[in-house]
Amino acid sequence: MFEQAIAQPIFPTHVWLHALKAEDAARLNQEILAGLDKRMKPLPAIAPGQSWQSSQDLHHFPEFAELVKIFTHASKSVLDTMEVDYETFEITGCWANINPPGAPHPPHTHANNYLSGVYYVQMPAGAGTICYHDPRQQRDVLEPKFKKLNKFNSLFQNVKVDAGTLIIFPSWLGHSVPPNPSQGERISISFNIMFSDYARTISPPRWNGIQLKRD
Ligand SMILES: [Fe+2]
């Protein structure tokens, strides 16, 4: 009937996946674990099914300098691909997450930042999923039954991640992490970035008005 029929995405929401080379990830992950061990011992006891997070200042410690470099490089790459016009950005928070067996991470966003990311340090088999939530607010006003969930109809999108994966996403995009189904700990490092000096460099209006006479 038609010469062509396509489904063209409009207003797509992207998450940006980066994978380190396996040998680089193995070395870096050992260094990160050693850094966490050095800086965060003794860890408080974590109740079964409960998560643990570090303070949000990991980016100021030398043990995590290489990771910060990777975060900065990848974030710049995303901003460049998006063709964002900015002067500088900075990491505003960086913290470790430990999910013991059974521990989920409830739905949340990373408010007051532009991009956020997670790097996976230790990933037990079967635990490597992060779930993104459909940001279109009206999307669930009508929710027919679907024969099968797919990218056209799901309210949630699971993204597979593994040790050595860095995922970057818009900070406003809601997400959660399913309970860790394994017997090992899932360990990740999260971060946020924001434009430096945002109020001065980005917030002022960008239209031309009638110029006032100046003395
Ligand atoms: Fe998060």
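A polar contact is a pair of N or O atoms within 3.5 Å; within protein, one atom must be able to donate a hydrogen and the other to accept it, and residues adjacent in sequence count only if both atoms are side-chain atoms. The model is predicted, with local features requiring pLDDT of at least 70 and side-chain atom pairs counted only at pLDDT 80 or more, while totals for chains, interfaces and linings use all residues. Residues are numbered from 1 along each chain as its sequence is written, and side-chain values use heavy atoms, with hydrogens and water left out.

Helices (H or I, at least four residues) and strands (E, at least two) are DSSP runs numbered from the N terminus, and two strands pair if DSSP finds at least two bridges between them. Six strands form an open antiparallel sheet in the order β1-β8-β5-β10-β3-β2. Because β1 (16-19) and β2 (52-53) each have a single partner strand, one side of each is left without a neighbour in the sheet. Strands β3 (residues 89-99) and β10 (residues 186-195) run antiparallel and are joined by ten bridges; N99 has R186 of β10 as its bridge partner.

Helix α2 (residues 65-81) lies across β1, β3, β5, β8 (165-170) and β10, and runs at about 120° to β3.

Residue N97 belongs to strand β3. With a relative accessibility of 7%, N97 is buried (under 20% relative accessible area; exposed is over 50% and partly exposed in between, with a 1.4 Å probe and protein chains only). The side chain of N97 forms polar contacts with that of S190 at 2.9 Å and with that of W95 at 3.2 Å. Beyond four places in sequence, residues in contact with N97 include W52, Q53, H105 and R186.

A second open sheet has four strands in the order β4-β9-β6-β7, with antiparallel pairing. Its edge strands, β4 (105-108) and β7 (156-160), each pair on one side only. The twist averages 20° from one strand to the next. Two bridges join β6 (residues 129-133) to β9 (residues 175-177), and C131 is partnered with S176 in β9.

The iron ion has as protein donors (N, O and S atoms within 2.8 Å of the metal, or 3.2 Å for Na, K and Ca; water is not among the atoms, so sites may look incomplete) the NE2 atoms of H108, H110 and H175, at 2.0 to 2.1 Å. Their spacing along the chain is H-x1-H-x64-H. H108 is partly exposed, at 25% relative accessible area, whereas H110 is buried, at 7%.

Key:
Axes fitted to C-alpha atoms, helices over the stretch in contact; angles between N-to-C directions. Contact = heavy atoms within 4.5 Å.
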